[in-house]
Amino acid sequence: MQKVSVICQDFSYKCLQGNTEALVEELVYDSRKVVQGSMFFCMVGAKWDGHDFCKEVVEKGATVLVVSKPVEDIPQNVTVILVEDTRKALAYVSA
């Protein structure tokens, strides 16, 4: 378990809402694998855009969303982190 501020310390980000002191249990980019306390990385792919799954992953227990574009209607208790490139951000936190 780690704080958002520690996980994101190696890259530039902006906290759009929530708290960077929130604790993260898992790093996830596949909406089907979200568990309580997940940090979900919204990846844009050839067929899917992870931003489209934000509401679903929050319902499954994601407490932090890492996005590359603004998302709407996210509960205030969820931390939303804006980055330039979610793939690059995931690479940094996974290293």
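**Figure 1. Residue classes lining the largest pocket of this predicted model.** The lining has seven nonpolar, three polar and five charged residues. Asp, Glu, Lys and Arg count as charged; Ala, Val, Leu, Ile, Met, Phe, Trp, Tyr, Cys and Pro as nonpolar; the others, Gly among them, as polar. The pocket's volume is about 320 Å³ (space filled by probe spheres set on the grid points, which join across faces, edges and corners). Of the 15 lining residues, Y29, D30, M43, W48 and F53 are the closest to the pocket centre. A pocket is an open set of points on a 1 Å grid over the protein atoms alone, where a 1.4 Å probe fits and protein lies on both sides within 12 Å along at least five of seven lines; lining residues have an atom within 4 Å of a point. Local features need pLDDT of at least 70 and side-chain atom pairs pLDDT 80 or more, while totals for chains, interfaces and linings use all residues. Numbering starts from 1 along each chain as its sequence is written, and side-chain values use heavy atoms, without hydrogens or water.

**Figure 2. The largest nonpolar core and its contributors.** This core holds 16 residues. V4, C8, M39, F41, V66 and I81 touch the most other members. At least two residues come from each of α1 (4-7), β5 (38-41), β6 (64-67) and α3 (86-94). The top contributor is α3, which gives three residues. A second, separate core has 13 residues, including V28, V67, I74 and V80. A core is a set of buried Ala, Val, Leu, Ile, Met, Phe, Trp, Tyr and Cys residues joined through side-chain atoms within 4.5 Å. Helices (H or I, at least four residues) and strands (E, at least two) are DSSP runs numbered from the N terminus.

**Figure 3. V4 and I81, two members of the largest core.** V4 is in helix α1. V4 counts as buried because its relative accessibility is 0% (buried is under 20%, exposed over 50%, partly exposed in between; 1.4 Å probe, protein chains only). Setting aside residues up to four places away in sequence, V4 touches N19, T20, A22, V24, M39, V64 and I81 (heavy atoms within 4.5 Å). With the same exclusion, I81 touches V4, C8, Y13, K14, C15, T20, V64, L65, V66 and V67. V4 and T79 are 75 residues apart in sequence, yet 8.8 Å apart in space, C-alpha to C-alpha.

**Figure 4. Q17 in strand β2.** The strand spans residues 14-17. Q17 counts as buried because its relative accessibility is 17%. The Q17 side chain reaches the backbone oxygen of V78 at 2.9 Å. Beyond four places in sequence, Q17 touches I74, P75, Q76, V78, T79 and V80.

**Figure 5. H51 in the loop between β5 and α2.** H51 is buried, at a relative accessible area of 8%. Its side chain makes a polar contact with the side chain of D49 at 2.6 Å (N or O atoms within 3.5 Å, one able to donate a hydrogen and the other to accept it; residues adjacent in sequence count only if both atoms are side-chain atoms). Apart from neighbours within four places in sequence, H51 contacts C42, V44, V67, S68, K69 and V71.

Figure 6. D73 has a positive phi of about 60°, although it is not a glycine. D73 is exposed, at 62% relative accessibility. E56 and L23 are 33 residues apart along the chain, with 20 Å between their C-alpha atoms.
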